[in-house]
Amino acid sequence: MLTHSNDRENPQPIRVIGCGAIAREILAVCEANAMSHVDLVCLPAQWHNTPALIAPGVKDAIDQARLDGFERIYIAYAECGTQGLLDKVCTQEGVERIEGPHCYSFFAGNEIFSTWDDDLDAFFLTDFLARQFEAFIVEPLGLKKHPELRDMYFGNYRKLIYLSQKEDKALQEKAEKAAEFLGLEYIYRYTGYGDLNGSLLSA
């Protein structure tokens with residue numbers, strides 16, 4: 001388990017190993033809470049589309065953190081489609097991760113997200129995915145070159161729900177255009193940082 005510092009005024013340095021897709025949000029939480037003791041290392045955001053790389057990548061990052069002299073390490077990843085492999089690494093290495101199946105859940109708040117039974121047919125965006133919709137959704141799926149693939153990939157979705165961490169009109173417009181591009185109903189929900197905030201404060 002993590003070793004927690006009892007000195008809140010002078011906490012021990014901690015290496016946070018996070019997904020690059022939530023780097024801005026981690027830094028924002030740290031800045032808002034004067035968490036200068038956090039040393040953030042982010043793994044490639046592209047692994048969002050290749051979850052098999054996450055667990056071994058986190059294991060390597062944990063090894064490097066220990067070589068760098070960190071006794072306290074925290075994993076800023078949810079389960080993220082690793083099929084239990086990330087939790088296996090965390091257990092073997094004696095570190096903790098943020099709770100939840102994915103970032104949509106912990107941004108909404110895991111307890112709140114678990115009650116959204118009417119959203120099983122929803123495709124979710126975060127600030128990162130709204131900002132990087134072309135690079136992370138459109139291009140990898142070849143939707144511009146082959147628009148006929150859209151309904152193959154998204155035909156079972158009815159709506160796009162944008163879970164925003166910041167109230168940003170420009171990102172809202174991007175998210176709304178993404179919904180239009182995919183032919184889905186657009187829904188906006190402001191979540192803030194959800195459980196990310198508390199998890200980093202208690203790490």
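Predicted model: local features only at pLDDT ≥ 70, side-chain atom pairs only at ≥ 80, totals over all residues.
## Helix α9, end to end

Helices are DSSP runs of H or I with at least four residues, strands are runs of E with at least two, and both are numbered from the N terminus. The expected span of a helix is 1.5 Å times one less than its number of residues. Helix α9 covers residues 169-182, so 14 residues, and goes 20 Å from its first C-alpha to its last, close to the 20 Å expected.

At the start of α9, a side-chain oxygen of D168 comes to within 2.9 Å of the backbone nitrogen of A170. Just after α9, G183 has a positive phi of about 70°.

Residues are numbered from 1 along each chain as its sequence is written, and side-chain values use heavy atoms, leaving out hydrogens and water.

The pLDDT is the predictor's confidence in each residue, from 0 to 100. The protein chain averages 94, and 96% of the residues score at least 70. Watch out for residues 1-6, though: the pLDDT there is below 50.

Buried means under 20% relative accessible area, exposed over 50%, and partly exposed in between (1.4 Å probe, protein chains only). In α9, the buried residues are L171, Q172, A175, A178, A179 and L182. They sit on the same side of α9 because they cover an arc of only 120° around the axis, going by the directions from the helix axis to the C-beta atoms. On the other side of α9 you'll find K169, E173, K177 and E180, which are exposed.

Contact means heavy atoms within 4.5 Å. The cover over the buried residues of α9 includes β5 (122-125), α7 (133-141) and β6 (159-164).

In β5, A122 and F124 point one way while F123 and L125 point the other, yet all are buried. Strands pair if DSSP finds at least two bridges between them; β5 and β6 run parallel and are joined by four. F124 stands opposite I161 in β6.

## Over in α1

I26 lies in helix α1 (residues 23-32) and is buried, with a relative accessible area of 0%. Beyond its neighbours within four places in sequence, I26 is in contact with G18, L40, A76, L196 and L200.

Terms used
Polar contact = N/O pair within 3.5 Å; in protein donor to acceptor, adjacent residues only side chain to side chain.
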